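Please look over the sequence and the model shown below before reading on.

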Amino acid sequence: MEGGVHKAYKTEFKECLHLTWKRPYILRLAFSAGIGGLLFGYDTDFCSISGVISGALLYMRDDFKSVERSTTLQETIVSTAVAGAIVGAGFGGWMNDKFGRKRSILLADLLFFIGAIIMASAPIPGIIILGRIFVGFGVGMASMTSPLYISEASPARIRGALVSTNGLLITGGQFLAYLINLAFTKAPGTWRWMLGIAGLPALIQFILMLMLPESPRWLYRKERKEEAAEILRKIYPPNEVEKEIEALRASIESEIAEEGSVGEGNILSKLKKALSNKVVRRGLTAGVLCQVAQQFVGINTVMYYSPTIVQLAGFASNSTALALSLITAGLNAVGSIVSIYFVDRTGRRRLMIISMVGIITMLAILSGVFFEAASHSPKVGSDETQAFGNFTCPDFKAGGSILKCTDCLKASAHCGFCAHSGNKLLPGACLVSNNEVKGTCHAGHSEWYTQGCPSNFGWLALIALAAYIISYSPGMGTVPWIVNSEIYPLRFRGLCGGIAAVSNWISNLIVTQSFLSLTQALGTAPTFLLFCGVSCVAFVLIFLLVPETKGLLLEEVEKMLERDDYRAWKKRPIGQSNKV
């Protein structure tokens, strides 16, 4: 399915370590550009897009009652960054081709830094949303530029592993976000610290990128050939430099003769040229599919709202929810390390297919777990509720359908559940939800639930959640960005990368803007089951439409896609892709 097993690919990870040790300049390029992934993971995820906002939301609810009362406002605070990222990714595609990869990353850092400062100082939720838009602009540009920059500055045989460092830094950013969330849980202005400190990695990357060169492939295309050659001499061993320069020269001269130089014509004419090209259409089909599938398998649902999901699993405390979410973020980071080892050994396509099998299985299990948890929800006791006097939930006073905890949390009035102090699975009280009632409940040594109900299935939900992340991270979490960094012709790489990134962010926006509403309308179990069904469809499409690009020169990928007998699922001829 993925092509023959080549001897050259049995030691890619060792080769990556060997090359970066001998030529630390390569690692410096990859790490500095990859900090864009750290920004991505810290504030939004892609791709896992999640991070700090998921924890900050828990504390915004306490400071702003409008946030606590409105699911739509919570979703808007999260998803406005995604909306900004859609614009940033689209603009970034044009800017990458016009002004280069380096300047695009610098602008992304500046926008992110401004957004972080605005969020940290926001007096009202509306200003937080404004800051989120700026952050989104920056993250959108960085999300498609960082892997592109790394890909164009990497030797082919370790390109996948180096682009995976961007994925590692994304998941590392998520893990860092949860650590910082925990560190500031007791500090005054908790959520302000969580959001404001996000500007620090943006500032660090801005400084590092000022000291790095432009992409050698972009420079060569812009007739700055000597600058490009000088960078390639720092990347490749002396005996390989001239071959690489010659391959680059032949490829670019062929492209210029066929299509014209980068930036020629307006963006609409360039888009029309791109879509009339068979290679671009095939590449975009695969690239956009991978990006859309990355979002619709539900990962951002899991990571954006993991503290809330943990509470739905029966863990009431904000700090407990954040601590357990930290474990899931850590597993996501571990999965990215696994990807670095396997992506050039196993192949991009096979890794995604294996990942999808695990994702589908775990989503089905999660759906079953939450169904069982809802079925065994603690009952609401009349005596327990009446003991709180005037704090009784209005819907419960009116009589009717509030029979158990899940009914209480779905009440039209904003209500919460105060669990039994001795055994949280025994009948508890359904009460009005506010800080006074919460304090009264805690004073009686009881737990206060507003997002989920007490359950004996909580740990099972967390195990399934962890297994889902372990399945997702090495494959669907990292590989779509690798595929999109290497599957397009150079002349359209910025444009197509921007289109694919926009598709990723639009999909992200749809998922994040709808998840909590879907959960309220359908229930948690049916929502996960819905994502399971979507993942099954994605599995079939990836199998049919996404080719293997392992070990191919960027120029060789184009030749593969233009073949008349091209079929994504066909094995590649043994001798086709063993070049560096």
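A residue is called buried when its relative accessible area is under 20%, exposed when it is over 50%, and partly exposed in between, with a 1.4 Å probe and only protein chains taken into account. This is a predicted model, in which local features need pLDDT of at least 70 and side-chain atom pairs count only at pLDDT 80 or more, while totals for chains, interfaces and linings use all residues. Residues are numbered from 1 along each chain as its sequence is written, and side-chain values use heavy atoms, with hydrogens and water left out.

**Overall make-up**

- The protein chain holds 28 helices and three strands, where helices (H or I, at least four residues) and strands (E, at least two) are DSSP runs numbered from the N terminus.
- Of the 580 residues in the protein chain, 61% are buried.
- The protein chain exposes about 21400 Å², of which carbon and sulfur atoms supply 66%; accessible areas come from the Shrake-Rupley method with a 1.4 Å probe, and for residues only the protein chains shown count as cover.

**Salt bridges**

- A search of the whole structure finds nine salt bridges, a salt bridge being a side-chain nitrogen of Lys or Arg within 4 Å of a carboxyl oxygen of Asp or Glu.
- R101 and D97 are joined by a salt bridge between their side chains, at 3.7 Å from N to O; R101 counts as buried because its relative accessibility is 0%, and D97 is also buried, with a relative accessible area of 6%.
- E246 forms a salt bridge with R249, and their closest N and O atoms are 2.4 Å apart.
- Because E246 and R249 are three residues apart in helix 13 (residues 238-259), about one helical turn separates them; E246 counts as partly exposed at 40% relative accessibility, and R249 counts as partly exposed at 26%.

**Aromatic rings**

- A pair of aromatic rings is described by the distance of the centres and the angle of the planes.
- The structure holds six aromatic pairs, where rings of Phe, Tyr and Trp (its six-membered ring) pair if their centres lie within 6.5 Å, and planes under 30 degrees apart count as stacked, over 60 as edge-to-face and the rest as tilted.
- The ring centres of F64 and W191 are 5.7 Å apart and their planes stand at 55°, so this pair is tilted.
- This pair links distant parts of the chain, since F64 lies in the loop between helix 3 (52-63) and helix 4 (65-69) and W191 lies in helix 9 (residues 190-196), 127 residues apart.
- F64 is buried, with a relative accessible area of 12%, and W191 is buried as well, with a relative accessible area of 0%.
- The rings of Y468 and Y472 have centres 6.3 Å apart and planes at 10°, so this pair is stacked.
- Y468 and Y472 both belong to helix 24 (residues 458-472), where they are four residues apart, about one turn of the helix.
- F91, W94 and F99 form one aromatic cluster.

**A nonpolar surface patch**

- F113, I117, I197, L200, L203, I204, I207, L210 and M211 make a nonpolar surface patch of about 780 Å².
- The elements that give two or more residues to this nonpolar patch are helix 6 (101-120) and helix 10 (199-210), and helix 10 gives the most, with five residues.
- Patches are made of residues with over 30% relative accessible area and no salt bridge, with like charges joined within 9 Å and nonpolar side chains (Val, Leu, Ile, Met, Phe, Trp, Tyr) within 5 Å.

**Residues with a positive phi**

- Most residues other than glycine have a negative phi, and most peptide bonds are trans.
- E223 has a positive phi of about 70° although it is not a glycine, and E223 is found in the loop between helix 11 (216-221) and helix 12 (225-235).
- E223 is exposed, with a relative accessible area of 51%, and its side chain meets that of K225 in a salt bridge (3.7 Å, N to O).
- H445, which is not a glycine, has a positive phi of about 60°; H445 lies in the loop between helix 23 (435-443) and strand 3 (448-449), and is exposed, with a relative accessible area of 69%.
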